[in-house]
Amino acid sequence: MAIIEETQLRATLLAVDEINQAGGVNGRELAPLIYDPQSDAQAYGQYAKRLMIDDGVTMIFGCYTSSSRKAVLPVIERLNGLLWYPTLYEGFEFSPNVIYTGAAPNQNSVALCSYLAETYGKRFYLVGSDYVYPRESNRVMRDLLRARGCTVVGEKYLDLRAKRGEFRPVMQQIKNVGADVIFSTVVGDSTVYLYQAFAEAGLDARIIPIGSLTTTESEVRAMGFDVAAGHVTAAPYFQSVPGDRNDSFVKRYKKRYGADEPTNMCAEAAYFQVHLFAKALALTQSMETDLIKQSVLGIDFEAPQGRVSINAATSHTDLWSRVGRVDRRGQFEIVQQSATSVWADPFLIGRGNLAAAPAHP
Amino acid sequence: MSEHGQNGSAASGPSRDTGAGDISALDIIVAVPPDQHGDMLARELSRTRGSVRRIWPLPERLPTSADVMFCELTPELAQCLPWVPGKPLAALVAVVNAIGAPQLKLLRDCAPHATLPRPFTGATVVTSLAVGRAQFLYEQRLRARIDKLDETLRSFRSVERAKGILMDKRRLDEEQAYHFIRRQAMSQRVSVAAVAAAIIDSNDILG
């Protein structure tokens, strides 16, 4: 999982530095304490315990996979801490001890599903990593697909640490069943193998693209721009989002970490959530969970993706909904986006707003 | 109303009132210093027909195989517990001193289900055992309920859809359709959600 987790840490530290350079919060410096659980879910639980008990921390920023979030959950719920979770996830969760700043399914899956079905066809092949996020995410996806009259022509789960060779037979099967679209919930380092196997199998992204909610600029860079070109991702944020706010974020990120280092949706959420936290802290002047939570609900912020706000009803974030297609330079060309930020609906209660009429940019 | 005596040593124990739940014959770990207080605690717990295991000093990691653990509230205890806060594997009773500053931070960190202040009496020992055990079991039930609610929420749509398919294709009413799904789930030993998904899939394929 290192590809993305690393960028989330970097973006978090960038935001912390920005806040400190601007004089801190009410004159006090933010001092991050960093542990590396090495993508091991159990270690996430242990470090959460250590942060809250030994280090006296109440605010925890991080977690990429749903497994790591679920490991931290009981600890922060029992000890009443607050987890700031900057990653898209499968929805259907509401912990009073989490602020969710990544996309819920109604903010990314819905747009992806409609774009792919309208542009490429209705026969979907689902491929994912074998853990909680892909299976739950596909449960939602199946529902959305069916509502659009699409069919699932195959479904395959591979180990999170699947090797390159394991994706070859999957490509053969995709050819055999005659899919129009591949919907991928493969995450982490094996993402690269999926796209490379696709290219090696001689499949054409203009005809059968891989659609994903997790493949970002960072994975694109790792797999090679030519391999990624033509494939599709739905996300609240791409590096290519126009506007001064994003330009300055990208510029500062690259200045600090290197001109070749792209930003991505997870890094952006990791970045703006620290600013949201600082805004809340300036009001409460206390690190106590209940006070911070109270002041962060309903707050809004001019994020690189556009104006976002913490939805007081769900502790999720009202985010933008965008669909991007990878171009030859490894950037996402935005082919569809919402007219405003989309109300977070983690339980998919209002299917109406799923259709939050996508406007073309 | 009950037979509990005032200072309880004789009247409590196995003949507790039944409202507190069953606290006899439990596996109990006692991790307190082996002085006269510790001996007394172990003795009173044995009177509940529990099997009592004594451990001292606190090991790096306490064993997981017990129903109830009586542990001295020390700064090391949180680290020695074989679980992360929020996912306890046994009822935890924190043994504290009645005199001196209360250790509120340690109490928060260890998240015990009950406390037992020194000096003990037979009544306070059994009371803390009953409260600790009952709170632990209640917490487990609440967690199980939340898990089940979560799963129900996630599978709600597919179960509704599967019911619709059965009502349509098999001419069942809603309740019959749901019972059909539940019977299948029980006989195949899988979740209701899995059966619903299978019905929807086969309907998609067969039309």
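Leaving aside neighbours within four places in sequence, A:Trp84 is in contact (heavy atoms within 4.5 Å) with A:Met59, A:Ile60, A:Phe61, A:Gly62, A:Ile99, A:Gln273, A:Leu276, A:Phe277, A:Ile292 and A:Val296. The model is predicted, so that local features need pLDDT of at least 70 and side-chain atom pairs count only at pLDDT 80 or more, while totals for chains, interfaces and linings use all residues. Residues are numbered from 1 along each chain as its sequence is written, chains are lettered from A in the order in which they are written, and side-chain values use heavy atoms, with hydrogens and water left out.

A:Trp84 also belongs to the largest nonpolar core, where A:Trp84, A:Leu116, A:Phe124, A:Val127, A:Leu194 and A:Phe272 touch the most other members among 100 residues. A nonpolar core is a set of buried Ala, Val, Leu, Ile, Met, Phe, Trp, Tyr and Cys residues joined through side-chain atoms within 4.5 Å; buried denotes under 20% relative accessible area (1.4 Å probe, protein chains only). Helix α11 (residues 265-284) of chain A supplies the largest share of this core, 13 residues. Helices (H or I, at least four residues) and strands (E, at least two) are DSSP runs, numbered from the N terminus. A second, separate core of 40 residues includes A:Tyr44, A:Leu83, B:Leu77 and B:Leu106.

The largest pocket has a volume of about 1200 Å³. A pocket is an open set of points on a 1 Å grid over the protein atoms alone, where a 1.4 Å probe fits, with protein on both sides within 12 Å along at least five of seven lines; lining residues have an atom within 4 Å of a point. Among the 44 lining residues, A:Pro32, A:Leu33, A:Met59, A:Ile60 and A:Phe61 are the closest to the centre of the largest pocket. The greatest contribution to this lining, 8 residues, comes from α1(A).

The second largest pocket, of about 720 Å³, is lined by 20 residues, of which A:Leu73, A:Glu77, B:Arg143, B:Ile146 and B:Asp147 are the closest to its centre. Two or more lining residues come from each of α3 (66-79) of chain A and α4 (122-169) of chain B, and α4(B) gives the most, with 9 residues.

In chain B, 5 of the 5 residues of strand β3 (residues 68-72) are buried. B:Val68, B:Phe70 and B:Glu72 point one way from β3(B), and B:Met69 and B:Cys71 the other way. Strands pair if DSSP finds at least two bridges between them. β3(B) pairs in the parallel sense with strand β1 (residues 27-31) of chain B over 4 bridges, and 5 bridges join β3(B) to the parallel strand β4 (residues 91-97) of chain B.

Notes: Buried means under 20% relative accessible area, exposed over 50%, partly exposed in between (1.4 Å probe, protein chains only). Grid points are joined across faces, edges and corners, and a volume is the space filled by probe spheres set on the points.
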